[in-house]
Amino acid sequence: MVNMRIVALLCAAAVAATAPAVQAQNFVSQSLIGEMAPSRVITVPKDKSAAFRLMAGAGEIVVAQPDIASIVANTDRSVYVRGKTLGTTNVLVYDRSHRLIEVIDVRVAQDLESLQADLASALPGEPIRVSALAGGVMLSGQVSTTSVAARAKAIAERYAPQAVSSELTVEAAQQVMLEVRIIEASRTALKDFGVNLGMQNNSGIVFGSGSGLVGASTPQGTLGIKTNIGTLSIEATLRALEEKGVIRTLARPNLAAISGEEATFLAGGEFPYPIPAGQGDITVAYKPFGVTLKFTPVVQDSGLIRLKVAPEVSQLDSRANIRLSGVDVPSLLVRRAGTTVELKDGESFAIAGLFQQDYSNTVRQLPWAGEVPILGTLFRSARWRKQETELVILVTPRLTTAAQSRRLAPEPLGNTREPTAIDLIFQGMALDRPIKPSPADSYAPDPAAP
């Protein structure tokens, strides 16, 4: 409790400011000791002072929380209140006879007037109202675009960090449709040749060279030669394998979102995997896989669309399984990208690309014998593998609005029909119409691309 006695000689001092701060309607308040006194509420900006006049001459002033607000009296009827920290407190005013004559509730809030002036300067013509709310700032009103609402909140955050509530509405909220194309082509070529040579005679002497293919794959072709030279039995087997393949992956997730809001998209599923919980217990969690798209569009005043986009394509890979607590857990093959770009309506941009080429070979041979020209072929196996992968991710933002009529809404099954029994039995038509790829989906990777 801070007590300040006002000396009668201060009555001759000049009053620096006579206008009171924002006040509520006066009402009668009863103190803890049962005294009745009028009460009012004032609001003081943080780190600023406000001057107001008392209802009568004061002999003593008591501040309940001096760490929230401080009082400086220049006369017995004029007082300055300085806001130190955000919060509320009250001030008890006594006369010279120690009677309670007034109770003042002081609220220390953000500097709303300065914030209102900065918003009017930075965003002219936008009817944004600022008010105090639970120790923070609340913005209200109707603005022209979502980017204006975002800028207004960013300015208010400088006055009240992490304490801004935005109730701003947008006259015409802009929606962005994001078209993403993820195209991947993978080519693999593998060749494997091996010779298995074995010789044996009646005396029990045995000689063997190689076991055929280097890999564990089943050979596609086998050529065997067997002959006898006296008591010597010779058997030679040539095994050969060639594998070639192309994998092409195309994903086209499309998603719409309001400017400034995040949107997510998942077309795939979730697979369970065990998590040890101690003492032999296992809990099961789920991890998503498939085509995932996350993006946040922000339409700028210049017409550009700023995109924070993160597409991902993943699939289960059983070749790299791990065994955990007796359960096989699959791994994932993932192609992921994340970036921020700015585009105009309808423009396309390649946000990610990859060209990868892998080559490996393996030779197994009998020492020294495999180095002999021509005949050394019978004592070795060779394998080489070549793999190329090309990946490109394209994004295209488009400003869009809701369909005004149901006729304008897309219907993928609008012109389709179910096949009849005659179509199924006599014509073998399992589909209502042939599935044809879109011309925009065609992509022929260039092998000579860098």
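A contact here means heavy atoms within 4.5 Å. With that in hand, residues 24 or more positions apart account for 63% of the protein's contacts that have a separation of 6 or more.

Keep in mind that this is a predicted model, where local features need pLDDT of at least 70, side-chain atom pairs count only at pLDDT 80 or more, and totals for chains, interfaces and linings use all residues. Residues are numbered from 1 along each chain as its sequence is written, and side-chain values use heavy atoms, with hydrogens and water left out.

On to the fold: there are three helices and 25 strands, taken as DSSP runs numbered from the N terminus (helices H or I, at least four residues; strands E, at least two). Of the 450 residues, 31% are buried, meaning under 20% relative accessible area with a 1.4 Å probe and protein chains only; exposed is over 50%, and partly exposed lies in between.

How far can you trust it? The predictor's confidence in each residue, pLDDT, runs from 0 to 100. The protein averages 75, and 82% of the residues score at least 70. Confidence is highest in strand 23 (residues 339-343), at 89, and lowest in strand 2 (residues 22-23), at a mean of 36. Residues 1-34 have pLDDT below 50, yet this stretch makes 76 contacts in the model beyond near neighbours in sequence. Residues 440-450 also stay under 50, with 20 contacts beyond four places in sequence. Where pLDDT is low, the predicted coordinates should not be read in detail.

Finally, look at L378, in the loop between strand 24 (349-365) and strand 25 (380-400). L378 is partly exposed, at a relative accessible area of 36%.
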